[in-house]
Amino acid sequence: MPQWIMAFALSICIVMIFGLLTLVLVQGISSFWPTRIESVKLSSGEEILGIPVRTTHDEDGSRQTLFRVGNRDLGASPFRWVADADIASRSPPDDAILLERQEWGIFIGRIAPGDAAESSSDVPASAAALQSEVAAGRERREAMERLRGGPLAQTNRELREVSQAIEAADLRLADGGGGGMPRAAWISCLVGGLTASVMGTVLAVRRSSRFVVLIAAGALPLLAAWLEMPGPTDDSLQQWHNERVSALGSRYSAAADRFEALNEALEQLQREDQQFRVAIASSGGVLAPESQSNPDELLRSSQIIRAVQLNTLSVPERVGVFAARWRDYLLADPREANTEGGIFPVIVGTVTVTLLLTVVVVPLGVLAALYIREYAKQGVLISILRVAINNLAGVPSIVYGIFGLGFFCYAVGGYIDGGPEPALTLGRAAWWIVLLGTASAVVSAALFRSSVRLAGVLWAVGATAVLVLFATSPYFDGFFRVKLLDGEPTFGSSGLLWASLTLALLTLPVVIVSTEEAIAAVPQSLREASYGCGASRWQTVSRVVLPGAMPGVMTGTILAMARGAGEVAPLMVVGAVKLAPDLPVESRFPFVFADRSFMHMGFHIFDLGFQSPDSEAARGMVWTTTLLLIVLVITMNLAAIALRGRLRRRLAGGHF
């Protein structure tokens, strides 16, 4: 093939990539630039105040302009097409004001004259007074938000936790006291288990193979002593229940009083806020209402995010508004069905799930690749395994999402919340018989290490039996049974942890393949030199092979992060939501809340583009969020690339 054809193909690819990036960059950055407001007077005498969005031509050649007129709470469409033939005049009025509100989108109008605002005599009558009142309203709104999101939310959470603790105490009382083995048998199991474990530890230090049998013989009585511990008597359990409920009741009463006081303080702030209103009239003379359901009350100043006279702004002032909008976009919460406001929770959710999937997938992928390349005997089974791994890379991502929902959320998460299914639970005698068989298989596998096939079969039997023991245990009824009974599953529903594990499975083949290729690229002479110096296989792998393959490992990590950050289909099933009330990361322990749902940029873009109630209003948010997702992925990839380059320089200099 001629060289110029290949160069031409490469040029087309580069132009397409940079063209797409340029389009996203221009559209994303310009979305928040403040443009002018036009007063459009129609031939019919009607006046329209709006922001021109774009212009199109009909089949007959006539031109139409789309104006964003806002004022959705007045019952009209927030966007309006106007034919140029119907326009008598267009001009940018200096007194036009754009209000960015908490609800119902923007409002475009003018400061109403005094006689138009008879319901209130304290409304701002000038642009300067309006700006001062908007700033004061912002302070009141932030004070109320701090009270809601801080002390009130914390007290409400404490009330919920105390209520669940009382329910847990009631459940324990209902389960009854007693149970367990007799105290004499319990003491015998405890002493015998400790003795056998100590003797096994001594033999292990002396490198005797019999330590396996003794440690296993000691572990079973200790496990029996723990699981069959004699329970309290009914009288002592009733006394404990009464004391526990009394203490929790006192704590609940104190928290309830504190909640009532905080709620009263919030209501006082809301009553004060009701006194401050603004009078902004639309082009038709209708005043901006407090809400669509309450049209007779003027708009509260605390409902306004920003009031801007766009047509009188200088260039520095426009830059200031542009920067303020970007600041709110990056640091604020979404509003208006995600079509306005910020995407701070979206950024946090995307970064958190990407980092968690990386932490999970990289060690698993590296260990799997090391075993396949360095330890496993190359043959038919390994060839089949490689084919299976390559095929997994081509499985549609939604399949991984369904698997994550069924296995992680319902099976594993349901087990964590409420224990094994009652229909699967074995009796105690049968369960202990299975446990003894499992211990025998594990001990036999450890003793008969000379027979690789027999040891492998025994290890497989032991691993299967361990899963059976967990799935049928009569001693475990879940960590969050109270919440489950209240209809609030903790890990039995979609959340951050299961989404990260699902994406880790999705990207695992990429890491395995890239790591195996990197390991294969390490020269065999380095391995032989290591063996010649007396190093063991593990020392050779950990100190020679793995450092030499680290740039390839980082390449797999980069690819996994890029794909995981952009996936949408699995997250729609196992964790991502339209609006998450709480962040998955907080400053209080345990800092990362793995059971919470989260917001994700990929899902956010899908929601804005296809599920938004106002697609035109969401257009700018789609471009800006797409731009931010590209920047986020590039930033994380550049960090990994920089680390990979540093590792390569160290390897080139001979530093392992």
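Predicted model: local features only at pLDDT ≥ 70, side-chain atom pairs only at ≥ 80, totals over all residues.
Residues are numbered from 1 along each chain as its sequence is written, and side-chain values use heavy atoms, with hydrogens and water left out.

Let's begin with the whole protein. We have 18 helices and 14 strands; these are DSSP runs numbered from the N terminus, H or I of at least four residues for helices and E of at least two for strands. The radius of gyration is 33 Å, well over the 26 Å that the globule rule gives for 656 residues, so the protein is more spread out than a compact globule. That radius is taken over C-alpha atoms, and the rule is 2.2 Å times the number of residues to the power 0.38. The C-alpha trace spans about 100 × 90 × 45 Å along its principal axes.

Five strands make an open, antiparallel sheet in the order 4-3-2-1-5, and two strands pair if DSSP finds at least two bridges between them. Which strands stand at the edges? They are strand 4 (79-83) and strand 5 (87-91), each with a single partner strand, so one side of each has no neighbour in the sheet. Strand 1 (residues 38-42) pairs with strand 5 over four bridges, and Val 40 sits opposite Arg 90 of strand 5.

On to helix 13 (residues 496-521), whose axis comes within 8 Å of that of helix 8 (residues 380-392), crossing at roughly 130 degrees. Axes are lines fitted to C-alpha atoms, for helices over the stretch in contact, with angles from 0 to 180 degrees between N-to-C directions. That makes helix 8 oblique to helix 13; under 35 degrees counts as roughly parallel, over 145 as roughly antiparallel, 65 to 115 as roughly perpendicular and the rest as oblique. On the helix 8 side, the contact (heavy atoms within 4.5 Å) uses Arg 386, Ile 389, Asn 390 and Leu 392, and helix 13 brings Pro 509, Ile 512, Val 513 and Glu 516.

Helix 13 also meets helix 15 (residues 537-566): these axes come within 8 Å and cross at roughly 150 degrees. The two helices are therefore roughly antiparallel. Among the residues in this contact are Leu 503 and Val 510 of helix 13, and Gly 552 and Gly 556 of helix 15.

Thanks, and I'm happy to take questions!
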